[in-house]
Amino acid sequence: MNIFVLMKRTFDTEEKISISGGKIADDGAEFIINPYDEYAIEEAIQLRDAHSGEVTVVSVGSEEAEKQLRTALAMGADKAVLINIEDDVEESDQFTTARILAEFLKDKEADLIIGGNVAIDGGSGQVGPRVAEQLNIPYITTITSIEINGETVTVVRDVEGDSETIETSLPLLVTAQQGLNDPRYPSLPGIMKAKKKPLDELELDDLDLEEEDVEPKTKTIDIYLPPKKEAGRILEGEIDAQVKELVDLLRREAKVV
Amino acid sequence: MSKKIVVLAEVREGALRNVSFEAIAAGKKIADGGEVVSVLIGDNVSSLGQELFAFGADKVITVENDKLKQYSSDGYSQALLAVIEAEKPEGLVFGHTALGKDLSPRIASRLKSGLVSDVTVIEEDGGETVFVRPIYSGKAFEKKIITDGLVFVTIRPNNIDPLPKEEGKSGEVTSLNVNITDLRTIIKDVVRKATDGVDLSEAKVIVAGGRGVKSESGFEPLKELADLLGGAVGASRGACDAEYCDYSLQIGQTGKVVTPDLYIACGLSGAIQHMAGMSNSKVIVAINKDPEANIFKVADYGIVGDLFEVVPLLIEEFKKIKAS
């Protein structure tokens, strides 16, 4: 089975966010594989081990994403591809990323494409469905289980807490939801092996794309931090008196109940 | 410049979801004096059309087909693209719900358009419509404009107020016949897991537990309090990882991002990842034994104490008020 994983490099969830020069400041920040993409990588590896084949992890971004791609290789992916847009693309949005990924994937004869259902930075969750639409293949988002049995694929999808069991077929694109699996940590031998695995770097030129083809459809005009919350009130006294006071405050001051 | 905006209505268990009315209000704002067309897709849904008029829709179109009884991306996109073809709108609004998140990127991609997801505020700035959305799960915000293609947005439930309901306002529901073919994904089974129907992302009140809840049964008093307040139960990653509850309840940077009117955090330390998912709630109450817990930094009201003592007292107090 020919499996592709869509991966994004994101800020570590531990990071505090600050802004400098109208942009999110990233100097000194730790970066990780988007946690939802980690589920996607793990699932791809497990499916390859069960059905044989190959796992290729693809990322659109800058040279820095090599580190996260190496981590994916160390987990057990076979190949990695970095589509480096740093020099060609000044501004991008989900249209840009999806267009590039679809262009890359269109002649790869992928049986299965897996991505995270959302990236924890931009949080839009658009790229998976957009790529599937452009490749004209079915997609299922927020999956918590996938089983492949010959031609038939059975997927369980999380829908706001409900579970839908869906039947479909390959080729297919799915996006991972939490609960899909427990991503492995790269082992030491895995890390050693990853150094020798292929990591190709492509640019827009290699995909026959011009900058105009991937021009974003939206523009960010401002980024700001939420207003700092003032410290609240810690109630005092006997517990039952505190509870009475709290209920009173919620009703009369905050007016939320 | 006034625009025509198509707004997708969503039905859950036979009733319109609140976000459908919020989407009409968002559509009105973007339409800038233009027409808002509310679309109902499903099987046997036209009786719900009048309520959409009452909440401000100028026109209601239904696409009914037994193949649309359950949501599928293939079926719904055929239906919606037919409506777009007939109405030629300048923009579309969806709820940022499981359905909206699944469907809107596909339609936007098909129409070579951008899409601003998870919008919490819509503003006018010098004749331009500006969309505000949280990024980094609410650790920051960005303002976006659409520069090319149709105006596509999904709105986060609970953030944009619906227009006041005009009782008695009605209109004629138009039905559009669409031939639905080739569904490539088929729903075989649905298991309802959500407790008592209040969805976490739409809940006005959330009672959330962390590691301090200590066990699966420790969530019982939290559920009782949530039920009493017509709310939903949520959890921190710690509580989910410890298997006290299902991952579908997780709130945080991985998990759901919520903005209820009232968030009651019980036995929850307030890891930065969790706070990203809830710190934009309108009012936050923290109950924790540890006075140094991070959660007190974002709380409007805090009680330093054992949740197993405080929560039952809260239940008792709210019951008294309900009875009086």
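Strand E16 (residues 262-266) of chain B and strand E17 (residues 283-288) of chain B pair in the parallel sense over five bridges. Here, strands are DSSP runs of E with at least two residues, helices are DSSP runs of H or I with at least four, and both are numbered from the N terminus; two strands pair if DSSP finds at least two bridges between them. This is a predicted model, in which local features need pLDDT of at least 70 and side-chain atom pairs count only at pLDDT 80 or more, while totals for chains, interfaces and linings use all residues. Residues are numbered from 1 along each chain as its sequence is written, and chains are lettered from A and ligands numbered from 1 in the order in which they are written.

**The sheet across both chains**

- Chain A joins in through E15(A), which pairs with strand E18 (residues 301-304) of chain B in the parallel sense over two bridges.
- Within E18(B), B:Tyr301 is the bridge partner of A:Arg233.
- Axes are lines fitted to C-alpha atoms (for helices, over the stretch in contact), and angles run from 0 to 180 degrees between N-to-C directions.

**The A-B interface**

- 70 residues of chain A are in contact with 76 residues of chain B; contact means that the C-beta atoms, placed from the backbone, lie within 7 Å.
- On the chain A side, H6(A) gives the most, with nine residues.
- By class, that side of chain A has 32 nonpolar, 20 polar and 18 charged residues. Ala, Val, Leu, Ile, Met, Phe, Trp, Tyr, Cys and Pro count as nonpolar, Asp, Glu, Lys and Arg as charged, and the others, Gly among them, as polar.

**Helix packing**

- H6(A) and helix H8 (residues 307-323) of chain B pack at about 50 degrees, with their axes 9 Å apart. That makes H6(A) oblique to H8(B); angles under 35 degrees count as roughly parallel, over 145 as roughly antiparallel, 65 to 115 as roughly perpendicular and the rest as oblique.
- Their crossing is right-handed, the term for a near helix turned clockwise from the far one by less than a right angle, with anticlockwise being left-handed.
- Residues making the H6(A)-H8(B) contact include A:Val243 and A:Val247 on one helix and B:Leu313, B:Leu314 and B:Phe318 on the other. This contact has eight nonpolar, no polar and four charged residues.
- Inside chain A, H3(A) and H4(A) pack at about 45 degrees with axes 9 Å apart, and their crossing is right-handed.
- Among the residues in the H3(A)-H4(A) contact are A:Leu101 and A:Leu105 from H3(A), plus A:Val127 and A:Val131 from H4(A).

**Domains of chain B**

- Chain B is divided into domain 1 (5-175) and domain 2 (205-323), with bounds from an automatic or database domain assignment.
- The C-alpha centres of these two domains lie 32 Å apart.
- Eight residues of domain 1 are in contact with eight residues of domain 2. The domain 1 side has two nonpolar, four polar and two charged residues.

Notes:
Contact = placed C-beta atoms within 7 Å.
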